[in-house]
Amino acid sequence: MGLAAPWRVKAVRFAPETHEIHFDVVCEAARLPCPRCAAPEQPIHDRLHRDWQHLHFFQYHALIHAELPRVRCGVCGERGDREVQQVPVPWARERSGFTLLFEAMVVTLAGMSRMPVRRIAALLGVRDARLWRSLGALVDAAYAQADMAGVEAVGIDEKHVGRGRVVTVVHDGSAATRGRVLHLSEGCKAENVGVFVEALKAHGGTPDAVQRCSMDMAKSYIAGVHKYLPQALPCFDPFHLIKLANEAVDAVRRAEVAQEPALKRTRYHWLKDASDWTRKEIDLHWLRHSGLKTARAWRLKERLRDILAWRRYPQVPVLLLMDGWIRWARRCRLPAFKRLGKTFQTHLEGIRNMLAHATTSNAAAESINADIQGAIARARGFRTFRNLRTIVYLLKARLDLPASPFQPAIT
């Protein structure tokens, strides 16, 4: 372990019985600059013993010990500030019991390898509570430096994280940085949008610059966007429109299956995309073109899929087609689709905004939710929201965190 002056390794001690190697580090300077004001040649007030855990040395746990000097600064004393300041060390963060390289290893295992913190703690021989504190401090510091100045479109979605708990995930919908998590908060109320707006301001973003907001039809998010992002166009996510249509198709099938035995065990045939049909489901073409109510509901749903797919082609009049689809749904004599048509009519503005801005969707939110669910499954759940937020920001916020200690620097 190489150190620059005034630090040097005084002794190295092996302890085979405890599988530890100890590095005794000393500071040989009699006077040091003040860590706060950089005033040179300030006297050392005292020295306090400190320990840090380092990367493993072969089969040994490596520990660094140092008598850490504290400087008594006369310049700070004259200004009324605290006179005694602790000198920072070059191998560790302030108030951390781990070295920088050790923390970089933890970030690599938790981020790149996606190992649960509990397994990392068992691998490195420390308590998981200490690793959570270290990861939380690193992620909080990196998130505080996150730049949101260029955010012009966002997506808002809720994620159920178990035991009745729900979190609101806001991701970046801008073309250059699409898919990164901007903010995570507990609950799914209108106030969650306000909390995000405050975070956006704190990170250099401008709420007035947010032009579009992709979301589902949750009343709380609609109210939150109108209140806290009034200039943003609400765009209802096409995935949720198809989800509502699928639910309507299934409701029609459930009501009809008792009178039509041919519909038994065909639930997922009506819900799946045609490209995913099995050979047996392909042979059900006669059923899809029958006069059954379920067949009519399926054709309504497929027409909606076509309209949403055509929104990427400027020559297709998707706004007129959507108006025609809503009229068709409201007069189709299928109660589930009549209700759906009424819902679409109520939220027509957000649907039109989505059709007009073809690239706006919550597809990134579904990917983020899948990663969050994977992290929850690997960890068997998180004890606190802070731990969940730490992992989500670590995996999906694209923060400037320490790189792997074994990765050569790119020049």
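Visitor: In which sense do β4 and β5 pair, and over how many bridges?
Guide: This is a predicted model, where local features need pLDDT of at least 70, side-chain atom pairs count only at pLDDT 80 or more, and totals for chains, interfaces and linings use all residues. Residues are numbered from 1 along each chain as its sequence is written, and side-chain values use heavy atoms, with hydrogens and water left out. Strands (E, at least two residues) are DSSP runs, numbered from the N terminus, and two of them pair if DSSP finds at least two bridges between them. For β4 and β5 the sense is antiparallel, over eleven bridges.

Visitor: Which residue in the turn of the β4 and β5 hairpin has a positive phi?
Guide: Phe 57 stands opposite Tyr 60 in β5. Two residues lie between the hairpin strands. The one with a positive phi, about 55°, is Phe 58.

Visitor: Which residue in β4 is the bridge partner of Leu 32?
Guide: Strand β3 (residues 31–32) also pairs with β4, antiparallel and over two bridges. The partner of Leu 32 is Gln 42.

Visitor: What is the volume of the largest pocket?
Guide: A pocket is an open set of points on a 1 Å grid over the protein atoms alone, where a 1.4 Å probe fits, with protein on both sides within 12 Å along at least five of seven lines; lining residues have an atom within 4 Å of a point. The lining has 19 residues, with Arg 50, Leu 68, Gln 86, Glu 94 and Arg 95 nearest the centre. β4 (42–57), β5 (60–72) and β6 (84–86) each supply at least two of the lining residues. The volume, the space filled by probe spheres set on the points, is about 410 Å³.

Visitor: Which residues does Leu 388 touch, leaving out those up to four places away in sequence?
Guide: Leu 388 is among those touching the most other members of the largest nonpolar core, which has 98 residues. Such a core is a set of buried Ala, Val, Leu, Ile, Met, Phe, Trp, Tyr and Cys residues joined through side-chain atoms within 4.5 Å. Contact means heavy atoms within 4.5 Å. The residues touched are Val 161, Val 167, Leu 184, Ile 372, Ile 376 and Phe 382.

Visitor: Why does Asp 371 count as buried?
Guide: Asp 371 sits in helix α15 (residues 363–379); helices are H or I runs of at least four residues. Asp 371 touches Arg 114 and Lys 396, not counting residues up to four places away in sequence. Buried means under 20% relative accessible area, exposed over 50%, partly exposed in between (1.4 Å probe, protein chains only). Asp 371 is buried because its relative accessible area is 19%.
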